[in-house]
Amino acid sequence: MELYHVELLSAALFAIGIYGVLARRNSVLILISIELMLNAVNINAVAYSAFLDPGRLVGQVITIFVITVAAAEVGLAMAIILRLYRTMSTANADEADSMKW
Amino acid sequence: MMEWAWLIPAMPAIAFFFLATAGRCLPNWSAIAATGTMAVAFIVFWFVLADWFSMSALPEVKAFGFSFDWIKAGGSTFTWGMVIDPISLVMVGLVTAAALGIQIYTWSYMSHEPRFTWFFAVHSLFAAAMLALVLADNLLLLYIAWELVGICSYLLIGFFYDRRPAAEAAKKAFITTRIGDVGLLIGILLLFAKTGTFELSAIFTMVENGGISETVITAAAVLLFLGAIGKSAQFPLHVWLPDAMEGPTPVSALVHSATMVVAGVYLVARMFPFYEHSESAALMVTLIGAFTAVGAAAIALVVTDIKRILAYSTLTDLGFMLFALGAGGLTAGMFHLLIHGFSKAILFLGAGSISHGSGQTDIRQMGGLWRKMPITAVIFGIGALSLGGVPPFGGFFSKDEVITAVFDGRGWGFMAIALLIGFMKALYMGRVFFAVFLGKLKPENEHAHESSMVMLAPMLVFALLALFGGFLALSYTDGYQGFGYFVFEGTHQHPFHLNKGIAIGSIALAVSGFILAWMAYVQGSLKTEPIIKRFSGVHRVLINKYYVDEVYQWVIDKVVLVFGRFIAFFDRAFINDIGINGTGSIVTTTGRFMRYVQSGKLYTYAMGMIVGFLGLALAWWVS
Amino acid sequence: MPAEVRFDLLWPEFLVAGLAFAIFTLDFFLRPERKNILGWISAIGLLYIIAFTIPFLNDESESLFGGLYRVDDYALFFKVLSMAIGGAVILGSIHYVGKYLTHPGEYYAIILLSVLAMMMMAASGELLTAYLSLELLSFCLYILSGFALHDRKSSEASVKYILLGAFSSGLLLYGIVLMYGAMGTTNFAEMAAFLDGHGEINGRLLIGLTLLVTGLGFKMAAVPFHMWAPDVYEGAPMPITAYIAVGSKVAAFALVLRLFAEGLLPAIDQWNILIAGMAAVTMLFGNVVALAQTNIKRMLAYSSVGQVGFLLMGVASLSTLSSNGLMVHLVGYSATNLAVFFAIIAFYNYTGKEEISDFAGLASRSPFLAAAITISLFSLAGLPFLAGFVTKFYLFSAAAAEDLLWLAGVAMVASLISLYYYLKVARQMYISPATEGEDSTIKVPALLYGLVGVMVIIVILIGLYPEPLVNLIEDATAVILPGGDASALSLR
Amino acid sequence: MNGLESVLLFSLVVTPFLGAAVLAFFPADNHKLIHWYTRIIAASGLAIAAYLFITFDTGDSLNKYIVDFDWLPSLGIRFTLGLSGITVPLVLLNAIIFFGGVLISWNVDHRPKDFFVWLMLLVAGVYGVFASRDLFFLFFFYELAVVPMYLLVGVWGSSTDFGTFLRTKEYGAMKVMLVLVAGSVLVWIAILAMWVEAREITGIADFGMAGLSQVEFSEGFQKTYYPFLMIGFGILAGLWPFHTWSPDGHVAAPTAVSMLHAGVLMKLGAFGILAVGMVLLPDGARFWAPLLIGLGTVNVIYGAISAMGQKDLKYIIGYSSVSHMGYVLMGLGALDTLAVDGAVLQMFSHGIMTALFFAMVGVIYQRTHIRDITILAGLGKKMGITGVFLAVAGLTSLGLPGFSSFVAEIMIFIGTYRTYPVVGVLAVVGAAITAVYILRMLGAVFFGPIDENKWKDLTDANKTETGVAALLTGFLLLWGLYPFRIVEIIDSGVVPIMERLGS
């Protein structure tokens, strides 16, 4: 297994995540797509750490922090989405377009 | 006394400032202030003249001047200075005398006018400007005075500003002369650019010793003459003068006799070395003078308003003077200027007296007035005979000088024209005099009355001058050997001489002119109506002043103002609305469209970020 | 690696965090109508912390945790600035919160936490630390922007903000990781050393940097990553709009400036043209679109997008002088924007309206507010004798000095465009008459009166005599760009 | 800072500034107090300016009365004030017009406090531009002078419906402001370019004009950046085709603002071209002089013809200003000492003259609420004094000797004619066209019969207005009849510049 294999995997995951963000209407699914992107980051970070910088564990540290932050983020985002659902009766992000132009 | 000569223009100028600022408070003093200062100027003139004669015993002293620095900038110094030489002395004498007399006349003539003070103020300034003009020793000061003369004429012609024709005439006078002034100023600038000075004496020295090229001399002479055309109302800028009689009569008198119109003639006389050195320019002066004289004389024969007749006669005489100057007759031109000044002053003051006394201005409504206003009639008659060129009146001498000079300078053909002009002068002078004073008194003129002594006295003095002025041409003492020894070009002093043939011819023509007029307007043996009917086309052209005014009016209305409105529209619609506002609205419109990028949808925003990322990466990759 | 970590240097951070938790705690014990006092406590607390911090950290220069966290004059400058902004916003919120919002305790405490995040952003010397502090700030702002519980716009803004924010965090993180992969480090100083050694940039670094710029561009609201800004500005409660406009921008630029100066400066020739291009697009787009706005908050949102373009100029032309210029402009911009927003808050508190046309006749309804808004808007447009003039002049001069005269020219044109829409507001206030029935005199509470007044005075003072401020900033810049003598030639 | 003159110079610039700051705290409804306070400020400025003018020593006039403070050393900005032969007359001009403008505003009763605060800021800016010897502060004051125009025009101005089109005060105000700031953008670019270039050549950051004028900028640089200064400042001077802000601004502006706008603001532009452009970038000035003189000529002729096609009094005078500023630009473009002297004098003279124009138009408009010359007629009967002073302004404008414009114009004519004869000829022609529209205007408004019923209650200019007009007329006459002193002063400032230009 070479580094670029992992890089490709991560890039693919990341791209799928971006696609999800762009293509999904439901906020929750968007959030999940973002989680996908973050996981791509994590894979990449660990891979770099393992392949390029074996002694220092920087990548692993990054990963741990990202996972933590992502968890918090999801919690916060879910709360806010819930708020949106309460006020607008929808969780679709593209229907929340009262402010534009 | 010569160093006090600056008082001559300064006195009336002081009167102007005094009257213009404080005059409102002291209305009763205005006439006295103006006339008093003018009298002082007149007296100073005599002292200066006496000084001149005592000094010019030394033959090499030709001119005396002094000056003070007015502007010093960029390495050049511009001065205000005066030159006192025969030409300027003649002019100063004429102007001070005419202005003084006319002001005295005005006391009575304008006594009921509420803006009496203002009249005297501007009248004084008018005289001051004219005096400064003739005394100026450099072209800059000359131009300054020249413009001041112009503006005073504007103010005076438009004195009755609440009458539309007066306002229009004033505007016309100023703008028309201003067109000529463009030429004058360009000529002056040309001379400054080539010589580096405005000083007349320095410029003349350069002209004499070839310091300026022939082309420049000709160009300058022509350009300066443009100024003269405007001020002296020569074709094609003559249109303002006949209208200028909309001003009060004393103004017309001053304008026509001593100030304003003769300024152009004076300019040509003053710049005479240029015309001596440029044959083509001199020929132009002759031709325009002759053309104007003939054309104007013809109009003077048909118009019926008394002041208009006199106005066209002025045009004729001015043309006549320039005719002489262009032919090389400096003496003749200046002499005619002097005599004409006095004579024309009489005629206008007389005309004023007539309309003042009878309330009429159209000669067809007059006739037989001598019964009601005998003194005016006599005085007017002297003026008419003088300008008609009947000996021994002054006008005869001057006219004879002019014809002789034209003959000497230009030969037979032009002399014939001069004689023709002389004949026409006599004819229209006879016409106006006979039609007004002789014949039957019209019933509506029964109430006509003689004017007051205050008005008549100056007229009398001018009448004497017109009557005997001609004898100035003759030699009396060693100090004064005739006008030709006094005013002369170059080194060419010459005594008065009569060319017998010419003299007899011109006398014959003058007398026959008067006789014809008498036959037509008094005796009635010559009927004018058939002639008018016969030449109705010509008559219509003449009555309408060759349609020059109409053409100009058309040009102004249909070309100049339309062009102005077009430019104004262009400025607003294109430069402003499209150019300036357009730039602004392009930006705002762009903003209005670009805001729709912000769709409000989340995915657009995310897409924007991705596009931005890709764009950045691409740009980086490429660079 | 130093043997012992000087935790004492983190006292300001601890104090702010402590204050935040104190507020959370106090909130339990106060009756709802007394909760106003929490705002006062937070603000005064911040004031005390500022007073403590300045002498405490002055001229300290320490790198904690192996370069992860810096304590130096640069950080100090931004810490104080952040606390000042936070304190001002809290004070400016008190009336608004009392009138429109619920849960004041959480509100003030979260602001305090975000101040902490801002302080950390200025101090971080490493990408992960930077990311964490940035996320802390963002989380706080996500919550705050949705704080108006019953306002649809507020929840919409919040959702948009958090989803896009998380998305951008993903991009940013990916960028960080790629850079880590390319350079083997996330420490700014080590990055600089790496770039100094290796001239060329490989694909990993390139994409990583681009993603980093994208993520930071989102925080700064640079075009085309700005699109969240207008909606969030419009939807968020008004003091929070002010806070986002000022605080988050200050923090983002504090981070960006340190990152680019300490970490990426050796590769400046590679990225400066890109940043310059982004700056040009940002300032033009922001100002041009602002022309078409009718809502004052939205207009100010676009206007601050435009301001980001100006600030980016300072990054694009990075040198001692432009770093000074950027910070001077940042300070001037903060003071000015706070003045505008406080004045608008005062207006909104009384009228509840926020369309530009609602400002008609303000000059007669409240001459003070009208004058304050006019002065601040003129300052934003860069007119003398106000802060905006000097700071723009400084910044543009600095950019010009680094061969970016064209960009300075674009910036001038952009400020000219901005003048138009600022003048439209001035026109409503001074020229248009008040609408019928809405011409009552506006009562401005003393607190807001004082705040607006202080901000306007700061704006004028900076405009008239910026030298003391510039001296402070020069000290700060000397830390991140050592050895630069601003008045001499460019040090690049 | 040393010497009485320096102190006076400093206080001259600072007084209106502080005056405005203090006035901002006055009670807004005590109109009388506000008016008198402003009058005193204006009068003190006039006294100082007059003192500086009278005692001005023409020897070594480039660096006179220096006030010098360090302001922002890292950019090389110093607060430096100084006077030269060029600026002294212009400072006096500003003082005169400010004083006149304040007096003529006796009838401002809509928020007079704000009005005078803005007016004083404007005046402070103008003083500052003339006196600054540092490019930063020159630019600072330049913008400061422009800013208040917006509110002054927008709030206290008037909208006019011209039938086919409408010119609102909002439009006028916005246009004035945006166009002028657009001009200043160009100036700013050039200033920064010079600063950067000088910094690269000498290694010293310096915005001081004294220092910059010692720097040898390369010819290419000068040719590149002089147009920025020329057009940028030129916009303020009404350079064609960027002139339309000026007439439209006048149409909307209140009287005092029109006076200052045409009287002083437009002079800032010409002053900038001379004192910044030609001083700092002489090669550029030489290279671009034909363009400047060409556009100046267009200004003269085009402005005059446009004025001829207008019906609104303020438009006529606005376009006449465009035309007259053309003479100034022409004079500057001729690069001839005499012409440049004339241009500076023309700035002074046109400033006074146009202020008089607008003061009198204001008097007419205030009483009749009409500015259309085809409707007004025969006012001379009722408004004699106004008519006389309007005529004075008109006659000055058409270059009548005896008034200062003539002196200025003749110097410009001489200078331009000897460098570009054709331009000289066109300049003279322009003066003749001026006569046409001025006399047309005077004739239409004041001459002819008056409608007695319509104007039954028409009153003439009151004492204050007459006093202002007399003051302005006095200066026109003074320099018209005895220009020696002022030309001497101007010359002392112009000659060093021209020597540097090498002509």
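Reader: How many residues of chain D are in contact with chain C, and which element of chain D gives the most to that side?

Author: In this predicted model, 31 residues of chain D are in contact with 33 residues of chain C, two residues being in contact if their C-beta atoms, placed from the backbone, lie within 7 Å. The elements that give two or more residues to this side of chain D are β1 (64-72), α5 and α6, where helices (H or I, at least four residues) and strands (E, at least two) are DSSP runs numbered from the N terminus. With 14 residues, the element that gives the most is α6(D).

Reader: What is the division of that side into nonpolar, polar and charged residues?

Author: The classes are set as follows: Ala, Val, Leu, Ile, Met, Phe, Trp, Tyr, Cys and Pro count as nonpolar, Asp, Glu, Lys and Arg as charged, and the others, Gly among them, as polar. On the side of chain D that touches chain C, the residues divide into 24 nonpolar, four polar and three charged.

Reader: Which two chains share the most contacts, and which element of chain D gives the most to the side that touches chain B?

Author: Five pairs of chains are in contact, and chains B and D share the most contacts among them. Here 48 residues of chain D are in contact with 43 residues of chain B, and the side of chain D is supplied with at least two residues each by α6, α11, α13 (337-368), α15 (404-419), α16 (421-446) and α18 (484-501). The residues of that side divide into 31 nonpolar, 11 polar and six charged, and the element that gives the most, with 10 residues, is α16(D).

Reader: Where is the kink in helix α24 of chain B centred?

Author: Helix α24(B) covers residues 548-594, and what covers its buried residues includes α11 (268-290) of chain C together with α6 and α11 (282-308) of chain D. The bend at a residue is the angle between axes fitted to the seven residues ending there and the seven starting there. The kink comes to about 45° and is centred on Gly582(B).

Reader: How many residues of helix α9 of chain D are buried?

Author: A residue is buried if 20 or more other C-beta atoms lie within 10 Å of its own, exposed if 12 or fewer, and partly exposed in between, with C-beta atoms placed from the backbone. What covers the buried residues of α9(D) includes α5 (135-156), α6 (169-202) and α10 (255-280) of chain D. Helix α9(D), residues 245-252, is mostly covered, and the number of its residues that are buried is eight of eight.

Reader: Why does the radius of gyration of chain D agree with that of a compact globule?

Author: The radius of gyration is taken over C-alpha atoms, and the globule rule is 2.2 Å times the number of residues to the power 0.38. Buried residues make up 71% of the 503 residues in chain D. Because a compact globule with 503 residues would have a radius of gyration near 23 Å, chain D agrees with its value of 21 Å.

Reader: What is the radius of gyration of chain A?

Author: Chain A has three helices and zero strands, and 37% of its 101 residues count as buried. A compact globule of 101 residues would have a radius of gyration near 13 Å, but that of chain A is 17 Å.

Reader: Which conventions apply to the numbering and to confidence?

Author: Residues are numbered from 1 along each chain as its sequence is written, while chains are lettered from A and ligands numbered from 1 in the order in which they are written. For this predicted model, totals for chains, interfaces and linings use all residues, whereas side-chain atom pairs count only at pLDDT 80 or more and local features need pLDDT of at least 70.
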